[in-house]
Amino acid sequence: MKTLLLFILTAVAEIVGCYLPWLWLRKDGSAWLLLPAAASLALFAWLLTLHPAASGRVYAAYGGVYIGTALMWLWLVDGIRPSRWDLLGVGLCLAGMMVIMFAPRTA
C-alpha cells in the first residue's frame with residue numbers, strides 16, 4: 001500500500017508540473033505558473049528516488065500508476081468521465097505494475 005501511495009503522489013507531482021505550463025501556454029495563464037510547475041517537477045524527481053526498487057523497475061511500474069492517475073485527473077479536473085475502455089486499459093496497466101513491483105525475486 002505504501003508503494004502504491006508513493007506512486008500516486010509521484011504521478012500527481014508530475015501531472016501538476018506539466019499541467020501548469022499547459023495552462024500558461026494553452027489557456028493564456030500567467031507565466032508565474034512556471035514557478036510552482038518547476039517545484040512540482042523537482043518534487044516528482046525526488047519522489048522517484050524514494051522507491052526502494054531498482055530505478056528501471058520503478059520507472060516501468062510507475063507508468064501504470066501514472067496512467068491511472070492521469071485518467072482520474074481527466075475526470076476530476078477536466079470533467080470528462082473515463083470510458084469503460086479507459087478503465088479496462090488502466091486495469092491492465094495496474095496489473096502489469098503489480099507484476100513488475102511485487103513478483104518474487106530470486107536475484
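Q: How far apart are the end C-alpha atoms of helix α4 (residues 84-102)?
A: First, a friendly note: this is a predicted model, in which local features need pLDDT of at least 70, side-chain atom pairs count only at pLDDT 80 or more, and totals for chains, interfaces and linings use all residues. The expected span of a helix is 1.5 Å times one less than its number of residues. Helix α4 has 19 residues and should therefore span 27 Å. The distance between its end C-alpha atoms agrees with that, at 26 Å.

Q: What pattern does the protein follow when read along the sequence?
A: Residues are numbered from 1 along each chain as its sequence is written, while side-chain values use heavy atoms, with hydrogens and water left out. Helices (H or I, at least four residues) and strands (E, at least two) are DSSP runs, numbered from the N terminus. The protein has four helices and zero strands. Its pattern is α-α-α-α.

Q: Which element of the protein has the lowest mean pLDDT?
A: pLDDT is the predictor's confidence in each residue, from 0 to 100. The protein averages 92, and 99% of the residues score at least 70. Among the elements, α2 has the highest mean, 96, and the lowest, 90, belongs to helix α3 (residues 55-76).

Q: Which residues of α4 are buried?
A: A residue is buried under 20% relative accessible area, exposed over 50% and partly exposed in between (1.4 Å probe, protein chains only). On the other side of α4, Arg84, Trp85, Leu92 and Val99 are exposed. What covers the buried residues of this helix includes α1 and α3. Those buried residues are Val90, Met97 and Met101.

Q: Within what arc do the buried residues of α2 fall, seen down its axis?
A: Helix α2 has 16 residues and reaches 23 Å from its first C-alpha to its last, close to the 22 Å expected. Ala37, Ser40, Phe44, Leu47 and Leu48 are buried in it, whereas Leu35 and Thr49, on the other side, are exposed. An α-helix has 3.6 residues a turn, so residues three or four places apart point the same way. The buried residues of α2 line one face of the helix, since they fall within an arc of 100°.

Q: Against which helices do the buried residues of α2 pack?
A: Phe44 is one of these residues, buried with a relative accessible area of 16%. The packing of the buried residues of α2 is against α1 and α3.

Q: How many residues apart in sequence are the parts tied together by the pair of Phe44 and Tyr62?
A: Rings of Phe, Tyr and Trp (its six-membered ring) pair if their centres lie within 6.5 Å; planes under 30 degrees apart count as stacked, over 60 as edge-to-face and the rest as tilted. The structure holds five aromatic pairs, and the one between Phe44 and Tyr62 is tilted, with 5.9 Å centre to centre and 45° between the planes. Phe44 lies in helix α2 and Tyr62 in helix α3, so the parts that this pair ties together are 18 residues apart.

Q: Which residues form one aromatic cluster?
A: Tyr62 is buried, with a relative accessible area of 6%. Together with Phe44, Tyr62 belongs to a cluster. Its members are Phe7, Phe44, Tyr62 and Tyr66.

Q: How far apart in space are Trp73 and Ile15, C-alpha to C-alpha?
A: Trp73 lies in helix α3. Not counting residues up to four places away in sequence, Trp73 touches Ile15, Val16, Tyr19 and Asp78 (contact means heavy atoms within 4.5 Å). Trp73 and Ile15 are 58 residues apart in sequence, and their separation in space is 8.4 Å.

Q: Is Asp28 buried or exposed?
A: Asp28 lies in the loop between α1 (2-26) and α2 (34-49). Its phi is near 55°, a positive value in a residue other than glycine. With a relative accessibility of 72%, Asp28 counts as exposed.

Q: Which residue's backbone nitrogen does the side chain of Ser30 reach at 3.0 Å?
A: Ser30 is found in the loop between α1 and α2. At 38% relative accessibility, Ser30 counts as partly exposed. The backbone nitrogen that its side chain reaches at 3.0 Å is that of Trp32.

Key:
Polar contact = N/O pair within 3.5 Å; in protein donor to acceptor, adjacent residues only side chain to side chain. Arc of directions from axis to C-beta.
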